[in-house]
Amino acid sequence: MGVEIRVEGLTKSFGRQVIWEDVTLTLPAGEISVLLGPSGTGKSVFLKTMVGLLKPDRGHCWIDGKDMPNLRERDMYEVRKLFGVLFQDGALFGSMNLYDNIAFPLREHTRKSESEVRRIVLEKMEMVGLGGAQNKFPGEISGGMRKRAGLARALVLDPQIILCDEPDSGLDPVRTVLLNQLIVDLNAEIEATILIVTHDINTARTVPDNIGMLFRRELVMFGPREMLLSSEEPVVRQFLNARKVGPIGMSEEKDLSELEAEARLGRDPGPLPPIPPQLMTSDGRLRRTQHAPGEWLRTHGVTPPEGSFIDEMGRDWLQEWPKYVAEMSAGAGRHSEGAH
Ligand SMILES: Nc1ncnc2c1ncn2[C@@H]1O[C@H](COP(=O)(O)OP(=O)(O)OP(=O)(O)O)[C@@H](O)[C@H]1O
Ligand SMILES: [Mg+2]
């Protein structure tokens, strides 16, 4: 079961450069969240601060009742065992083959026998599509393969919290969708609390339960997927819809001449695109933290754009949902009867 992570007033600077200030958010237990933000806004720094690799200037990050950044080194080491982290660069040891890289956390943190280690390593490698690549070295494989090896290594300890820094960068579109499916299936299976940093709009729109956005040294917004996908906030709207028009420019903030040109050409970001249905598990089973489509919008009296919640097969999930849930629960019931 995943654990809740409560970040309160977290602030980080390097020297006089403030990266972000007063970041407050809660990652609900067992849910998938995505963190967005232009390059250089401090997403990677945020993940590293959460696991205690970087020390914040002030603030808290509560995990299982412990305040991660303010723990003694020894206690921090213990809490860190709850985490599986995929760093942006994969962070593999260049002198070890993939097998030893992925086995590393098991050898470091557990007393499992080599045959047990082998079973787990091969299982995770198979899972990320690296079966047969055990003897390759990081320098001999593609960037996408290194990412997947990093992910396999992040999973070997069956973590309750999974942090992934751009798991999809350097992956082709098909592998990106497969990786997203893997993350959703994994979440259904181990119910870990997952935070993904990504620049992939499709991932951000379809995978998470929650979305957060860093911009100009602050967390502009954090909340349920449907809240951000229907938001009129210019930064959120520009980013989630990959538009040129908006406050974000090449050097993070647009300069005056860019904004003047935009004012002349018109600043209308266009209508909000339809909200896609959330990616379901591949076997159709419901995740423990599954939210019904349109739930947040209904509760908050927001009407979604025309065409929302319709999948590529033309099914309208607002209509299909009650039927689907009834069928799935009936199926689950039969399944457990069979098991007894
Ligand atoms: N160890 C460090 N010492 C000093 N400055 C750092 C350090 N690590 C990161 N920074 C600075 O913090 C800022 C945020 O960096 P970070 O890597 O978190 O950005 P990011 O949002 O992950 O960007 P990208 O999307 O390109 O990965 C950058 O200006 C970077 O130079
Ligand atoms: Mg980064």
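Visitor: Which residues of α3 meet Ala149, Ala152 and Arg153 in α5?

Guide: Leu98, Asn101, Ile102, Phe104 and Pro105 are the residues of α3 that meet those three in α5. The contact of α3 with α5 comprises 6 nonpolar, 1 polar and 1 charged residues by class. Please keep in mind throughout that this is a predicted model.

Visitor: How is the arrangement of α3 and α5 to be read: roughly parallel or oblique?

Guide: One begins with the two axes. Those of α3 and helix α5 (residues 143–155) come within 7 Å and cross at roughly 30°. Since angles under 35 degrees count as roughly parallel, α3 is therefore roughly parallel to α5. The crossing of α3 and α5 is right-handed.

Visitor: At what angle do helix α3 and helix α4 pack?

Guide: Helix α3 (residues 98–109) packs with helix α4 (residues 114–127) at about 125°, and their axes are 10 Å apart. The two helices are therefore oblique to each other. The crossing of α3 and α4 is right-handed. On the α3 side, the contact involves Tyr99, Ile102, Ala103, Leu106 and Arg107, while α4 supplies Val117, Ile120, Val121, Lys124 and Met125. By class, the residues of this contact are 8 nonpolar, no polar and 2 charged.

Visitor: How many bridges join strand β1 to β2?

Guide: Strand β1 (residues 5–14) is joined to β2 by 7 bridges, and the two strands run antiparallel. For a place to look, Ile5 stands opposite Leu27 in β2.

Visitor: Which strands stand at the edges of the open sheet of 6 strands?

Guide: The order of that sheet is β6-β7-β8-β3-β9-β10, and its pairing is mixed. At its edges stand β6 (83–86) and β10 (218–224), each with a single partner strand, so one side of each has no neighbour in the sheet. With direction ignored, neighbouring strands of this sheet are turned by 15° against each other on average. Strand β9 (residues 210–215) and β10 run antiparallel and are joined by 6 bridges. Within this pair, Phe215 has Glu218 in β10 as its bridge partner.

Visitor: Which strands of this sheet does α1 lie across?

Guide: Helix α1 lies across β3 (32–36), β7 (161–165), β8 (193–197) and β9, and runs at about 155° to β7. Helix α5 lies across β6 and β7, running at about 175° to β6.

Visitor: Which element gives the largest share of the shell around ligand 1?

Guide: The largest share, 3 residues, comes from α1. The residues around ligand 1 are Phe14, Ile19, Gly37, Ser39, Gly40, Thr41, Gly42, Lys43, Ser44, Val45 and Gln88.

Visitor: How do the residues of the shell around ligand 1 divide into nonpolar, polar and charged?

Guide: The shell contains 3 nonpolar, 7 polar and 1 charged residues.

Terms used:
Residues are numbered from 1 along each chain as its sequence is written. Chains are lettered from A and ligands numbered from 1 in the order in which they are written. This is a predicted model: local features need pLDDT of at least 70, side-chain atom pairs count only at pLDDT 80 or more; totals for chains, interfaces and linings use all residues. Two strands pair if DSSP finds at least two bridges between them. Helices (H or I, at least four residues) and strands (E, at least two) are DSSP runs, numbered from the N terminus. Axes are lines fitted to C-alpha atoms, for helices over the stretch in contact, and angles run from 0 to 180 degrees between N-to-C directions. Angles under 35 degrees count as roughly parallel, over 145 as roughly antiparallel, 65 to 115 as roughly perpendicular and the rest as oblique. A crossing is left-handed if the near helix is turned anticlockwise from the far one by less than a right angle, and right-handed if clockwise. Two residues are in contact if their C-beta atoms, placed from the backbone, lie within 7 Å. Ala, Val, Leu, Ile, Met, Phe, Trp, Tyr, Cys and Pro count as nonpolar, Asp, Glu, Lys and Arg as charged, and the others, Gly among them, as polar. A residue is near a molecule or strand if its C-beta atom, placed from the backbone, lies within 6 Å of it.
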